[in-house]
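Work through the two exercises below with the model at hand. Each task is followed by a solution in steps.

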Amino acid sequence: MSLESQSVHNLQKLSQLGKGFYEQFLSLIVYSNLWVAAGIASLVFFVQTALNLPIDWHPAVFLLAAALIPYNLDRIVDSYVQKSLDSKEQYFVRKPGSLFLASAAILTFVFLLYRAPASVQRVSWAGLLPLSYGVPLFPFQQQGNLNWYRPKDIPGIKAWIVCGVITYALIAVPLAYAGVSFNYFTALVAFFLLIFVGTNSHLFDIRDIESDREKGVRTLPFIIGIRGTRIFWTGLNLILLLVAGWSWTQPISILSPVVVIPCILLNLIAIWTVTPETPRNVYNIVLDGYLFLPGLLTLIVGVITPNVSTTF
């Protein structure tokens with residue numbers, strides 16, 4: 001075999017290995033919702049550092065398990081009610097492994113909840129909302145037919161339920177574990193999380209606009225259009241920047257510009273670039289992946305300036 005043929009053969013093998021790794025990553029990490037759940041859990045480190053709470057792994061694992069439950073149950077229900085346009089994702093969700101993962105997450109969540117302080121148990125009652133997020137609960141008579149609607153079928157509320165519950169959990173659970181009360185500083189961090197996670201959640205409604213339209217789910221892009229959604233979320237991100245900028249003029253700065261500015265820039269880029277035609281794996285990998293950004297930037301700042309107070 002010539003050197004050129006050997007090089008081509010090696011490149012083909014590398015390509016096959018890369019494709020195989022990519023397919024395994026999709027199946028084991030992305031379609032299982034471990035990717036998005038881990039991104040949400042990583043924000044616990046950002047919250048703990050920003051609010052100067054003790055770094056404790058319990059809230060992160062607690063929220064990892066808590067996030068896996070509604071995401072997997074919702075996709076399992078949707079695989080029968082509102083099928084995914086991604087045939088591979090649809091196939092994975094129907095496999096027994098998806099139900100097994102949801103069951104394992106439920107057991108982990110229940111165990112941690114049982115062992116958690118009473119304050120964590122109290123704030124966790126709000127977790128009942130995302131559990132019912134994709135389940136048909138509300139009967140509605142229409143043209144002589146009885147239809148059942150899910151909480152996410154309420155006009156315009158689908159993504160707000162997602163980002164609202166995530167923001168609540170990311171603030172309430174770490175505070176409850178640390179035994180700290182909600183205050184002015186937590187309000188700033190909560191506002192950042194609401195806009196950061198809310199932008200991400202509503203971008204997925206742009207992806208699903210046709211699927212939601214067929215099912216009758218009236219999301220924000222459906223109600224005010226994709227361009228209207230872009231303008232709306234651009235405005236909220238600019239308001240976040242103004243609020244953060246004001247906080248930087250105060251004696252104690254909670255939201256670090258090193259964390260906030262890249263996150264807002266990334267939000268704005270995503271707002272004006274993604275479309276319903278953007279490949280679904282770009283949404284699933286890149287958009288869900290940038291949930292890791294605040295925690296990653298916080299970690300980098302902590303490593304670079306280890307002797308500087310990490311009150312963000």
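**Exercise 1.** Sort the lining of the largest cavity by residue class, and state which element gives the most to this lining.

Solution.
Step 1. The model is a predicted one, and it holds two cavities of 30 Å³ or more. The largest cavity has a volume of about 40 Å³.
Step 2. List the lining of the largest cavity: Thr199, His202, Leu203, Ile206, Thr229, Arg230, Trp233 and Ile271.
Step 3. Sort this lining by class: four residues are nonpolar, three are polar and one is charged.
Step 4. Assign elements. Two or more lining residues come from each of α9 (184–207) and α11 (220–247). The most come from α9, which gives four residues.

**Exercise 2.** Describe how helices α2 and α8 pack: are they parallel or oblique to each other, and which residues make the contact?

Solution.
Step 1. Two packed helices are described by the angle between their axes and the distance between the axes.
Step 2. For α2 (residues 34–50) and α8 (residues 158–178), the angle is about 50° and the axes lie 10 Å apart.
Step 3. An angle under 35 degrees would count as roughly parallel, and 65 to 115 as roughly perpendicular. The angle here is about 50°, and α2 and α8 are therefore oblique to each other.
Step 4. The crossing of α2 past α8 is right-handed.
Step 5. On the α2 side, the contact is made by Ile40, Leu43, Val44, Val47 and Gln48. On the α8 side, Ile166, Leu170, Ile171 and Pro174 take part.
Step 6. By class, this contact has eight nonpolar residues, one polar residue and no charged ones.

Conventions:
Residues numbered from 1 in each chain as written. Predicted model: local features only at pLDDT ≥ 70, side-chain atom pairs only at ≥ 80, totals over all residues. Heavy atoms only, no water. 1 Å grid on protein atoms, 1.4 Å probe; cavity = no way out; pocket = protein on both sides within 12 Å on 5 of 7 lines; lining within 4 Å. Points joined across faces, edges and corners; volume = space filled by probe spheres on them. Nonpolar A, V, L, I, M, F, W, Y, C, P; charged D, E, K, R; others polar. Axes fitted to C-alpha atoms, helices over the stretch in contact; angles between N-to-C directions. Parallel < 35°, antiparallel > 145°, perpendicular 65-115°, else oblique. Left-handed = near helix turned anticlockwise from the far one by under 90°. Contact = heavy atoms within 4.5 Å.
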